[in-house]
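Reader: I have a structure to go through and I'm new to this. Can we start with how the chains meet?

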Amino acid sequence: MSKNSKLLTGPINLNNPITVQVLGICSALAVTVKLEPAIVMSISVIAVLALANVIISLLRNTIPSRIRIIVQLVVIAALVILVDQILKAYSPDVSKQLSVFVGLIITNCILMGRLEAFALGNKPWESFLDGIGNGSGYAIILIIVATVRELLGSGTLTLPAVGEIKVIPESFYQFGYENNGLMILPPMALIVVGIIIWVQRSKTRELIEEN
Amino acid sequence: MQDLLNLFVRSIFVENMVFAFFLGMCSYLAVSKTVNTAMGLGIAVIFVLLITVPVDWALNEYVLKKGALEWLIGEKAAEIDLSFLSFIMFIAVIASMVQLVEMIVEKFAPALYSQLGIFLPLIAVNCAILGASLFMQERELTSFGEATVYGLGSGIGWLIAIIGIAAIREKIRYSAVPAPLRGIGITFIATGLMGIAFMTFMGIKL
């Protein structure tokens with residue numbers, strides 16, 4: 001039992017896919033200008049990762065190792081097509097905001113990384129937990145970055161199904177408070193992640209890299 | 001002609017794969033420890049982009065787009081829309097093109113092959129490659145020439161970015177970086193600052 005719970009909680013801090021394993025940055029940062037696309041993206045990645053892990057884990061004894069990469073790509077691509085079609089049907093606005101980044105889940109290194117490193121050698125249930133765990137680790141970073149950027153950049157928070165909430169009260173603006181327009185620009189996502197890594201590594205010293 | 005030049009400059013500087021869209025970040029972070037290896041990977045990426053973007057363009061134009069099959073079955077094709085298959089088709093094209101490029105380079109340019117080494121197969125899962133194809137589809141580029149120029153430009157932009165960060169990391173090694181930021185942390189922040197510098201190109205229009 002404790003081994004299974006470790007599969008779930010490990011990737012959230014000590015073995016976080018973004019800040020420690022450095023996987024899946026590609027599609028992570030571009031969707032963090034607002035909170036809503038970040039949340040939708042996180043849910044999509046968790047779903048694809050967990051399902052792909054289970055499928056590959058079920059097939060693990062029948063896949064010849066020479067063609068495993070292609071098999072993995074096909075499984076992932078099929079799942080991503082499903083997610084993309086569902087998004088287009090149920091929330092076309094978010095789908096438009098995410099644009100090509102849903103498709104880029106296919107080449108998200110987290111997926112290949114976890115399939116190669118975990119699902120190919122473990123039972124379906126453990127692989128499922130590993131998928132959920134790593135997906136959540138990815139989701140947490142995405143949501144932190146998106147919250148910081150939207151709060152400082154536009155003074156609002158956008159939640160799915162609720163819509164835009166104004167967090168900074170109007171009176172602040174009358175006193176001369178300005179939104180930090182820099183936060184909306186793409187490079188700030190990288191700097192925010194850099195700062196998250198800084199904070200995390202000063203809390204857990206064992207993650208510090210040798211020079 | 002002017003359009004092509006405009007697209008070329010924009011895809012290198014304004015819509016730089018790394019700084020504007022964060023594409024190809026995984027290999028960008030993993031293979032940027034020294035300038036030499038960064039150069040090798042960058043050239044391989046240009047090579048593959050130059051081939052896959054036009055091929056994917058042709059695939060999209062003549063097979064996947066709504067009504068694209070008209071050359072094959074005439075009027076009936078107007079209702080056929082296969083674009084939901086584009087992810088799986090593009091990734092298949094990319095994976096097989098990478099394999100093909102690898103074999104051709106090995107046969108005709110063994111020196112280049114031994115330099116590129118393990119980077120070639122890695123490129124199949126580089127997001128910049130699939131990203132360029134998907135952007136090409138989304139922006140509805142109108143000709144084969146445009147797609148080629150877009151592929152070349154994106155590749156050169158990526159090369160500039162990875163060589164820049166590799167050079168910076170070589171210098172950073174001799175600096176006193178706060179311990180928790182060492183390695184990946186400072187690389188993120190340096191990339192962010194480079195990205196802000198690249199934003200100055202934003203107004204360029206030819």
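Author: This is a predicted model.

Reader: What is the area buried between chain B and chain A, then?

Author: About 3600 Å² is buried between chain B and chain A, and carbon and sulfur atoms give 83% of that area. The contact takes 39 residues from chain B and 41 residues from chain A.

Reader: Which elements of chain B give two or more residues to the side that touches chain A?

Author: They are α2 (17-21), α3 (25-30), α6 (86-108), α9 and α11 (184-198) of chain B. Of these, α11(B) gives the most, with 9 residues.

Reader: How do the residues on that side of chain B divide into nonpolar, polar and charged?

Author: On the side of chain B that touches chain A, 28 are nonpolar, 8 are polar and 3 are charged.

Reader: Let's pick one helix. Where is α9 in chain B, and what is its reach?

Author: Helix α9 of chain B covers residues 127-139, which is 13 residues. From first C-alpha to last it reaches 18 Å, close to the 18 Å expected at 1.5 Å a residue.

Reader: Why is α9(B) described as largely enclosed by the rest of the structure?

Author: Because 11 of its 13 residues are buried. Among the buried residues are B:Cys127, B:Leu130, B:Phe135 and B:Gln137.

Reader: What caps the N-terminal end of α9(B)?

Author: B:Asn126 does: one of its side-chain oxygens lies 2.9 Å from the backbone nitrogen of B:Ala128.

Reader: And what follows α9(B)?

Author: B:Glu140 follows α9(B), and the phi of B:Glu140 is positive, near 55°.

Reader: Different topic. Where is B:Glu15?

Author: B:Glu15 is in the loop between α1 (2-14) and α2 of chain B.

Reader: Does B:Glu15 count as buried or exposed?

Author: Buried, because its relative accessibility is 16% and the cut-off for buried is under 20%.

Reader: Which side chain has a polar contact with the side chain of B:Glu15?

Author: That of B:Arg10, in a polar contact of 2.7 Å.

Reader: What else is B:Glu15 in contact with, leaving aside neighbours within four places in sequence?

Author: Besides B:Arg10, B:Glu15 is in contact with B:Ala20, B:Phe21 and B:Arg139.

Definitions and conventions. Residues are numbered from 1 along each chain as its sequence is written. Chains are lettered from A and ligands numbered from 1 in the order in which they are written. This is a predicted model: local features need pLDDT of at least 70, side-chain atom pairs count only at pLDDT 80 or more; totals for chains, interfaces and linings use all residues. Side-chain values use heavy atoms; hydrogens and water are left out. Helices (H or I, at least four residues) and strands (E, at least two) are DSSP runs, numbered from the N terminus. The expected span of a helix is 1.5 Å times one less than its number of residues. Buried means under 20% relative accessible area, exposed over 50%, partly exposed in between (1.4 Å probe, protein chains only). A polar contact is a pair of N or O atoms within 3.5 Å; within protein, one must be able to donate a hydrogen and the other to accept it, and residues adjacent in sequence count only if both atoms are side-chain atoms. Contact means heavy atoms within 4.5 Å. Buried area is the accessible area (1.4 Å probe) that two parts lose on being put together, summed over both. Ala, Val, Leu, Ile, Met, Phe, Trp, Tyr, Cys and Pro count as nonpolar, Asp, Glu, Lys and Arg as charged, and the others, Gly among them, as polar.
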